[in-house]
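Dear colleague,

Please find below the structure that I am handing over to you. My notes on what was found in it follow.

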Amino acid sequence: MDAPLLDDAGIAAEAARLTPGLVDDVVRLSRIPSVATDGFPVGPLHEAHDVAVDMLRAAGVQEISQIMLDGMTTPTIVADVAGPPGAPTVLVYTHYDVVPAGDDALWSSPPFEPVVVDGTVVGRGTADSKANIAAIAGAIRVWGARPPVTLRIILEGHEEFGSSYELHPLTSPDTYRADAMVIADVGNVRPGQPTLTIGLRGSVSVTVEAHTLGTDKHSGQFGGAAPDARTALIRALATLHDDAGDVVVPGLLREPWTGASYTQDEFRDLADVLPGVPLVGTGDLGSRIWSGPAITVIGFDAPPTTAPLNAVASSARAVLNLRVHPGQKAAEAGEALGAHLRAQRPFGIPLEVTVGEAGDGFLAKTGGPAWHAAERALSIAWDGAPVDTLAMGGSIPIVMAFDEAVPQAEKLLFGATDGYCNIHAPNERLLIDELTRTVVAMAIFWREVATALDTTDEEA
Ligand SMILES: [Zn+2]
């Protein structure tokens, strides 16, 4: 017999009751430095894997397997919970690896010694994305491991660094067959504002080089006529933006952003912009950071200022990161940037341009039955607040792979990671209230989507 459907109040009460235990789990998991980046030990990744499995088992999940491919150092966890016969399948994804802590000195407490303080948990990985593992386990507990949908839980250990796993959905789409997907690696634009993420920008890197002399030459003897490769390259890079800071490379898509966004003050605060320094670009903030291109110089070869060299540079190289409108093919955008740079002849000097790896962005289909189910669930979880939409400047490559493998499944991006969590930065923190509400949202979403996607009546 099916378990009875819980009502909103019952789910909220159960989530509140479970919260202290879930916080303990976040602390336990975040104490493990499960950094997937090359050069970090793999032991902690396996340890985090084991704790995540343990959390699922403790929540009542019995069927747990793993995917381990060549090129992976830590397996992807696949956990299944059967729903009532005929119930739709919901795939829920997040990850147990984290990015490195960076400079420990910038943290208010040691990054891998998580502390609970003022309604938060501070530590690397607490928000991105160990809180979401706790939220998933919590929602399963709310339903007593008898959810109204069939669940397939995917917990990856390679999200932050990338691995051969990213292609698995394309080679084994059956593993990911679902009626709807929850990607719990994101969260609200700000605490208290329920948000569905509908766009992720694509990304492509472009390398540009200038070669001017057979070897470096004395700047006193030759400077003034011998072309300095670095100066030439800087001149070319200066053509990418106009005086206001907007990207002026032809062929890059930019559209107005119509969903939620940050205020200028909020954004200044989040980006830690120094007083007196203006933001760059014009137009609405959303179109600058989400539905428009951004170009950043992420590498530039030059002697450090502590060891300068009195020489005209014979060659120079820069690596650019181009962020792309979610709906534009990243490779196409990379070629547009490449064509722009090739057309530059700083001081008449030709440039060598190489367009590197491209990762497409993601644009969610909105307005379907699962979308509306998620809207209802999030609104209820955040006390009736209307749901807003958000995009993210960064990409989640696995989402693109899911979308390609199972295009018909609606993809809902929500989770416990709010815009103030300092993810990938010092003092990463999780807001415990957001965790509780994410458990509520997840549990109610499963109930709502079970009804919305119910096909059992149609066959009668
Ligand atoms: Zn993440």
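Alanine 145 lies in the loop between helix 3 and strand 6 (150–156); helices (H or I, at least four residues) and strands (E, at least two) are DSSP runs, numbered from the N terminus. The model is a predicted one, in which local features need pLDDT of at least 70 and side-chain atom pairs count only at pLDDT 80 or more, while totals for chains, interfaces and linings use all residues. Residues are numbered from 1 along each chain as its sequence is written, and side-chain values use heavy atoms, with hydrogens and water left out.

Although alanine 145 is not a glycine, its phi is positive, at about 60°. With a relative accessible area of 18%, alanine 145 is buried; buried means under 20% relative accessible area, exposed over 50%, and partly exposed in between (1.4 Å probe, protein chains only). Glycine 60 counts as partly exposed, at 33% relative accessibility.

Histidine 424 also has a positive phi of about 60° and is not a glycine. Its loop runs between strand 17 (410–413) and strand 18 (429–431). At 44% relative accessibility, histidine 424 counts as partly exposed.

Aspartate 128 and serine 129 are joined by a cis peptide bond, with omega at about 5°. Serine 129 is found in helix 3 (residues 126–142).

Helix 9 (residues 330–343) has 14 residues and reaches 20 Å from its first C-alpha to its last, close to the 20 Å expected at 1.5 Å a residue. The expected span of a helix is 1.5 Å times one less than its number of residues. The buried residues of helix 9 are Ala330, Ala333, Gly334, Ala336, Leu337, Gly338, His340 and Leu341. An α-helix has 3.6 residues a turn, so residues three or four places apart point the same way. What covers the buried residues of helix 9? The cover includes strand 9 (202–211), helix 6 (229–237), strand 11 (294–300), strand 13 (315–324) and strand 14 (351–359), where contact means heavy atoms within 4.5 Å.

Helix 10 (residues 369–381) has 13 residues, which should span 18 Å at 1.5 Å a residue; its end C-alpha atoms are 18 Å apart, which agrees. Its buried residues are Ala370, Trp371, Ala373, Ala374, Ala377, Leu378, Ser379 and Ala381. Among the elements that cover them are strand 7 (180–183), strand 8 (195–200), strand 16 (388–392), strand 17 and helix 12.

Helix 12 (residues 432–452) has 21 residues and reaches 30 Å between its first and last C-alpha atoms, close to the 30 Å expected at 1.5 Å a residue. How many of the 21 residues of helix 12 are buried? The number is 18, and helix 12 is thus mostly covered.

**Two further loops**

Glycine 224 is placed in the loop between helix 5 (219–222) and helix 6. Is glycine 224 buried or exposed? At 86% relative accessibility, glycine 224 counts as exposed. The C-alpha atoms of glycine 224 and lysine 411 are separated by 58 Å, and the two residues are 187 residues apart along the chain.

Threonine 282 lies in the loop between helix 7 (264–271) and helix 8 (285–289). It counts as partly exposed, at 39% relative accessibility. Not counting residues up to four places away in sequence, threonine 282 touches Ala244, Asp246, Arg254 and Arg288.

**The protein as a whole**

The secondary structure of the protein comes to 12 helices and 18 strands. Of the 460 residues, 52% are buried. The C-alpha atoms fill a box of roughly 90 × 45 × 45 Å, taken along the principal axes. Among contacts between residues at least 6 apart in sequence, 82% join residues at least 24 apart.

Yours sincerely
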